[in-house]
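Hello,

Here is the structure you asked about. My notes follow below it.

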Number of protein chains: 2
Amino acid sequence: MFQRAGSSRSFPKHFNPGTTGSSSGNSASVPDHGSKVSARSETSLLVLNAPEPPPPWQELSGRVRRAVLAEVNRPSSLTKCFVSVLRGLFPILRWGRHYDRKSFRRDLMAGLTLASLGIPQSIGYANLAKLDPQFGLYSSFVPPLIYAVMGTSRDIAIGPVAVVSLLLSSMTQKLVDPYTHPETYRSLVLTATFFAGIFQASFGFFRLGFVVDFLSHATIVGFTGGAAIVIGLQQLKGLLGINHFTNNTDVVSVIKAVWFAVHQPWNPDNFLIGCSFLVLILIVRSIGLRKRKLFWLAAIIPLLSVILSTLLVYLTRADKHGVKIIRQVKEGLNPSSVKQIQLTGPFIGETAKIGLICAIIALTEAVAVGRSFAAVRGYQLDGNKEMVAMGFMNIAGSLSSCYVATGSFSRTAVNVSAGCETTVSNMVMAITVFASLQLLMKLLYYTPVTILASIILSALPGLIDIKEACRIWRVDKMDFLACLGAFLGVLFGSVEIGLLTAVIISFAKIIISALVPKTEMLGRIQGTDIFCSMRQYPSAVETPNLLILRIDSPFLHFMNANSVKERIFARITGGCDATMTRFVVLDMSNVTHIDTSGIPAVEEIHKKLTSNGVQLAIANPGWRVIHKMKLAGLVDIIGEEWIFLTVSEAVEACGCGNEEDSSLSG
Amino acid sequence: MFQRAGSSRSFPKHFNPGTTGSSSGNSASVPDHGSKVSARSETSLLVLNAPEPPPPWQELSGRVRRAVLAEVNRPSSLTKCFVSVLRGLFPILRWGRHYDRKSFRRDLMAGLTLASLGIPQSIGYANLAKLDPQFGLYSSFVPPLIYAVMGTSRDIAIGPVAVVSLLLSSMTQKLVDPYTHPETYRSLVLTATFFAGIFQASFGFFRLGFVVDFLSHATIVGFTGGAAIVIGLQQLKGLLGINHFTNNTDVVSVIKAVWFAVHQPWNPDNFLIGCSFLVLILIVRSIGLRKRKLFWLAAIIPLLSVILSTLLVYLTRADKHGVKIIRQVKEGLNPSSVKQIQLTGPFIGETAKIGLICAIIALTEAVAVGRSFAAVRGYQLDGNKEMVAMGFMNIAGSLSSCYVATGSFSRTAVNVSAGCETTVSNMVMAITVFASLQLLMKLLYYTPVTILASIILSALPGLIDIKEACRIWRVDKMDFLACLGAFLGVLFGSVEIGLLTAVIISFAKIIISALVPKTEMLGRIQGTDIFCSMRQYPSAVETPNLLILRIDSPFLHFMNANSVKERIFARITGGCDATMTRFVVLDMSNVTHIDTSGIPAVEEIHKKLTSNGVQLAIANPGWRVIHKMKLAGLVDIIGEEWIFLTVSEAVEACGCGNEEDSSLSG
């Protein structure tokens, strides 16, 4: 924000001191308009003599080359190359050799804790995705195994998550009704999972990591909060034991449906069981949060609740009195689902779209989770490798009856708390899930549906981050707007509308910032050679005869060139002492890009000023800016002698240098 | 692009020289990590003590207030206020009082010249818009009169133009066929004109002048060039006397239609007449361009051609041998068309869209024309008033059987060459058109249709600006891409696709520039306190123990915060002497915006560096950036003593100051 120049005295001996001295001397007397400033400091000449900036495609190709070749360290032989690629793809080959028994013991404990939380959650999320319970368990078996050998994060716990489950069901049920056509619905979900995997893997291969940055932090906070409330509202169906529910996810429809349902005769038993276990889980969890040693209690309470409630229902035969139970859960390992993936048919485009959205949301969650824990534990996460791993795990998952899995925040936190060391904890969890799929499914017969709702509901408060929303409000009002937009969009529109609102607001923010022209009047901080914004630093003072304007926009292009021009004209003609202004110094240090609309604007400014008898000086043009100005012949029009390296050099050349300074050097 | 600091000696006496001196002295010895830099220059403290920047809504409301209240200079009474508003709306009230006979004589000549060019062009453009010839003349009567009393440009000649005529017909004929349902088609065109007027007037009233900046200079060059070729191809119908032509405007469809037509039996007379007059017009125009005194010849040659060709056909009765003639042109003044404006019905949305697009294109052309001539003649154009004037003239036009009129480049050039002084030349032209509508329409009976095609074709070379395209290529390759996209989009897609391509490319350019993270390593220009990009200035050298990185992106936000972070990590860990780096100075002078994703990124950089035993210093944060960093508590995390005003101060504090310098001052 500052342009500050050493006085000419600070140049070293190899800069001709005579010339420099005379320059300061000359500049003390006001030069004639248009006269060449005879002695220019050598630094100013550097501006014009800078080498050409690399053309855009060279920068781009360099960027791509660096990104792609980052892995390949020019191996000497083909075998070594193969081994290096293999190790890149499967990080387990690297860390696996040093894996010891102590680490395994910790991973085992973490994995078992994870499974006790993961099994009931997976069943609940399958319910949210409108799939049979076993699909949630399938998704907690194959994907974690694949991730364990391919992933670079040591902490992430893989499995189905709430937001993606909601996203999948809310979008897929628009194509096919999950209750009347369960087969078709399931095949669409699996196809969407397949597409999600393909997209994720391609993002990783082509190093398009930035797609996860499309959603800003603020919009994720808003979106997740909104989705949590929507998920919570969806749970009212299970909690209240409602038969006929709405397929819409917005607040208004759900409240209408609930209102309608509670005015019919209904059985309060579901509600009572659900609520009491919800309260139990929440209390135990809050104890777990307070006493770090009891965190395992918080981790296994969902499983305990399932066991307790199942026993309760079994003993009291409450299912005969209207308590809904899960009944049959298919036993056995994931069946193959290769044939269910439909790459033709009327829904192919829609399914690909669902896959893309789920891929991005799943990656956003996983990368956010992975990054935050990697930062805590002090290691670096390779975003592109993560994407490849997630992609492969979802492709493999889609072929084995799994739906989109990703890194879950709540389970990752439990994994870390339980002391996981490597991805082996995911393997342990997967094997535990496998065992329970083989052996324990019969025991779920009497599990009440309402307990699943309680488990999901108990996980939601962690998704609504009011504190963070307040912080965003405090720091950045525009970001809060994006946050609020996403939140309200999800709540009152649909999940897609919320996402779209968020992305549009975020991009609009960039466009508007790039669009709105800002010019700042610079003043000198008295007694120094520092020129800075007079609004930001009220102690800065104007220089007589001189108007120093800084263009505070990174781009001088079609969207703002005209307004910048008009603002400068307004500043010049609107000044109280218009006749006094003899020089205008345009500080272009913040302008990094100029286009073929921006250049004529500067040209017109020069023309207009010249016709008013005012001399224009350009200070501090960027690399690309000066290059384009040279190409367009603008440098010749303005005159090389009026282009300076720093504002203070320009001011000196205008004869308005620091008086104290020039008197010293004169 | 530079951060340059005066040596501490350049501070004036009221800065405690002892402190400053000891600071330089201290800084020569390497300070301990984390130890407070005891003596900070007072200028650095200014960074932290800057007042709060105005919140976004205050800036916005200020902007709006300034814009809206610009006109109203707090008049003392209601009458004066009314008069001032009236004068604002009707500039003729200002300049009319000083209007003299000499000016009128010049305007009269210009207006008559203008009419001689405008009448045949208007008929031709009406043909292009697929309306009867008289509608072109209507549009050259009412709108110029309205503009004459409301417009602020002294040069613009108002009337129908080629691109807007093409746009209107190509979009409206998708709704209704102009040949089978001429009545409905006409009413849709008039409704679109009405909407265009409403949009234009609202843009002006709400000071949304920036909408005309949505199209960059480069895209306009490309779009106009493509549209000119498309218009030329459409003229093949008239030139060849083809009966069945395509309704599509893309090159492929038109060439197919022409190919099909010339393989049927056809009459070459139309072609011969058209071509010979086209050659005649082009030759006379090129003479007019060379000899400035004969410009009037170029201006009246279209009218002469019409008269000559009409006479030719009348005398030879060529219409009986297959030469197509205009036949009946409705005589008399513009009829009212209030009843034809349909504000209900199935096409209302589409018509509004057509109106919006035409409004923007028409304004873009008019404002570009107006601005360029205003710049030549040295007066200021009020963009918002222009929009209001254009809006009212089109609203009035739509109610009196006119279609969208705007400022035409070719006619404005003739108007200026003919010596126009004020908008009175438009009035003269309008009255001449009125007279010819009353008296001369019968004479157009035998005018061959092909001559209209020749007149339009002769105006097209001016729209294809190959020279400018070459200049754009030379200066800015990305801009050329936008230009080419618009050109090819119009040529091979449709007018709308061309526009859409242009807008998308232009915006994508901004988004990409905002997205791509750039960091530059800064080096010191030997012997000075100037730090600058080592790529741009190869003479700059690295400072030992110190890495100075400048973030070369205007935004540090969700789209690039992660990549900037990763690049900085890569720079630090990838340096050949990683262990040597003890300080990282982050020059944030180019960062004007930071959001709630950017702040955690800086925080993580700090955390990561600290864990590696490296101290982070921030130099030159912008107003909003430092404010948000303070709000988010980031300043406390980094430490106030590590935030500096300039890079050189930061370097000095890191103990890597200019040795020569410190030895002098020590």
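A residue counts as buried if 20 or more other C-beta atoms lie within 10 Å of its own, exposed if 12 or fewer, and partly exposed in between, with C-beta atoms placed from the backbone. This is a predicted model: local features need pLDDT of at least 70, side-chain atom pairs count only at pLDDT 80 or more, and totals for chains, interfaces and linings use all residues. Residues are numbered from 1 along each chain as its sequence is written, and chains are lettered from A and ligands numbered from 1 in the order in which they are written.

Two helices first. Helices are DSSP runs (H or I, at least four residues), numbered from the N terminus. Expected span is 1.5 Å times one less than the number of residues.

Helix α21(A) covers residues 477–492. Its end C-alpha atoms are 22 Å apart, close to the 22 Å expected for 16 residues. Twelve of the 16 are buried, including A:F480, A:L484 and A:F487.

Helix α11(B) covers residues 217–240. Its 24 residues should span 34 Å, and the ends lie 35 Å apart, which agrees. The helix is largely enclosed by the rest of the structure, because 22 of its 24 residues are buried. Just after it, B:G241 takes a positive phi of about 65°.

Now the core. A nonpolar core is a set of buried Ala, Val, Leu, Ile, Met, Phe, Trp, Tyr and Cys residues joined through C-beta atoms within 7 Å. The largest has 378 residues. A:C358, A:V585, B:C358 and B:V585 touch the most other members.

Best wishes
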